[in-house]
Every structure is written in C-alpha cells, then in structure tokens.
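Here is a walk through one protein model. Keep the sequence and the 3D view side by side as you read.

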Amino acid sequence: MPTDAQRAGAVSPQARALLALYPRPNFSGSDRYNYQVPIVSGLHQDDLQTRINKQVRRNFFMGAYAWQSTRSDTPDLFGFLETGNVGSHNSSFGYRRSFTPRSFVNLRVEYSRQRTEVTPFFAGRRNVSGEAGIAGNNQEPANWGPPSLVFSSGITPLTMAQSALNRNQTAVFGADGFLARAAHNIAYGYTQRRQQFNVLGQQDARGTFAFTGPSDFENFKRGVPDTSSIAFGNAD
C-alpha cells in the first residue's frame, strides 16, 4: 500500500478520490509489504438430481432433471466484496419403442439453461469514476466503480471484476432407429439443436490506468498515466 510519505504532496482531485480507496498501512514488520488483512471467501452450493425409468411392455420411458445453484462471496485486499451467482438446470426425456429384438426407435428431448452473474462491490452502489471527475468510461450503474490502477513499483494494483450477466440455453430434439432384416441393417437418425447465448457485459468498461515509470506513484498523484486503455460498447 502507499506509505504516508507517498500520500503527502500535491495530489490531483482524481488521484485524491482514488487514493481514498486505499487503506492506511497497518504493518511495519517487513520491508516487502506494509499491510495485511485476513481474506475469507465464501461458497455455498446446492444440488438436486432426479431420474425416473419406466417400462410398459415394449415401451420404455426415461426422464432426468438436474439443478444446481452456486453462490460465492469474494472479498479483496481493499475490503470490497464481489458476489457471484451461477444457476443451471438440465432436463431430458426419452422414449424407446421396441418392435422386435432387432428393431426399435428412440425419441429424446433435452433442455439446459445456465445463468451466470458477477456483481462487483460498487455496481449500482457508487459511481466512483463520476465522483472523481473521470470521464470517458462506462457510466451505467452496473459498471460503476473505479478504473483499474496498475503500478510497476510493487504498490498493490486496484483491480475489480467486471460486471456480467450471461444466460445461455440449449434445446435438443432427436430421433433415431434401427431396423434389421436378414443380413441387412439400417440405422437412421435426426437431431435438431437450438442454442442461445445471451451475454451482457463489457471487457474493460471502467478503463485501466498503468503507471510504469520510475516515479509511477508521483505520476499517479499528478494524474498522468504512462498508458491507459478502455474497451466498452454494445456487447449485448
């Protein structure tokens, strides 16, 4: 973390607002770092799986359903909590009709869906960039927060996950059969698949400022990055 001596001196308004996100040093027992804090992540997962099979003479029915929900809490060194939520379910139904021991037909229907959501700490809570007077990055509530800061001198970078909400699903219908007559075998089949990929997210919506020179922190205080990058747009 920046030392108290580094914090002193003339500081631009933008740098002052971002510097306030850094905690004060709380450790002096090492020449490699000056801050330590325990970080405990949480993970909660629920699973459900069901399956049923039933045969009625030459008719065989089968079905399956699986559901899973995973919730995660991931704090960082700055005390900001990122949450994640992944939910998925898969269902299938199959039917098999046997005409003879060597002649049958199969039908199947499958459906699966997965929803993944990542919520950074500042999303919908505080527009850090706007308050600091940093313009040009995405100002939507889902992407509120500070830009990423990267230092070459070893100061801990200020980086957070990007907000994301992805919902993908797949539907499948299939049929196949087998027919044997004397020395001849005939196999046939058909499959239709429909997939949806619904993506709501940006690659670098809040932008990144990198300070790589020998006076990287001084350049940060003056608001002069060595390199900067941003990538956002209509990625829906």
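**Salt bridges, core and pocket**

Start with Glu117 and Arg115, whose side chains meet in a salt bridge, 3.1 Å from N to O. Glu117 is partly exposed, because its relative accessibility is 26%. Arg115 is partly exposed too, with a relative accessible area of 32%. This is a predicted model.

The structure holds 5 salt bridges. Another one joins the side chains of Arg126 and Glu131, at 2.9 Å from N to O. Arg126 is partly exposed at 33% relative accessibility. Glu131 is exposed, with a relative accessible area of 53%.

Now go to helix H4. The side chains of Glu218 and Lys221 form a salt bridge there, with 3.4 Å from N to O. The two residues are 3 apart in H4, so about one helical turn separates them. Glu218 is partly exposed at 40% relative accessibility. Lys221 is buried, with a relative accessible area of 2%.

The largest nonpolar core has 22 residues. Those with the most contacts inside it include Leu18, Leu149, Phe151 and Phe220. Helices H2, H3 and H4 and strand S5 each give two or more residues to this core. The largest share, 3 residues, comes from H2. Look at Phe220. Beyond its neighbours within four places in sequence, Phe220 is in contact with Ser12, Ala15, Leu18, Leu19, Leu149, Phe151 and Phe211.

Finish at the largest pocket, with a volume of about 270 Å³. It is lined by 14 residues, and Met1, Arg32, Tyr33, Asn34 and Gly154 are the closest to its centre. By class, the lining has 5 nonpolar, 7 polar and 2 charged residues.

Technical notes: Residues numbered from 1 in each chain as written. Predicted model: local features only at pLDDT ≥ 70, side-chain atom pairs only at ≥ 80, totals over all residues. Heavy atoms only, no water. 1 Å grid on protein atoms, 1.4 Å probe; cavity = no way out; pocket = protein on both sides within 12 Å on 5 of 7 lines; lining within 4 Å. Points joined across faces, edges and corners; volume = space filled by probe spheres on them. Nonpolar A, V, L, I, M, F, W, Y, C, P; charged D, E, K, R; others polar. Core = buried A, V, L, I, M, F, W, Y, C linked by side-chain atoms within 4.5 Å. Buried < 20%, exposed > 50% of the residue type's maximum accessible area, 1.4 Å probe, protein only. Helix = DSSP H or I, 4+ residues; strand = E, 2+ residues; numbered from the N terminus. Contact = heavy atoms within 4.5 Å. Salt bridge = Lys/Arg side-chain N within 4 Å of Asp/Glu carboxyl O.
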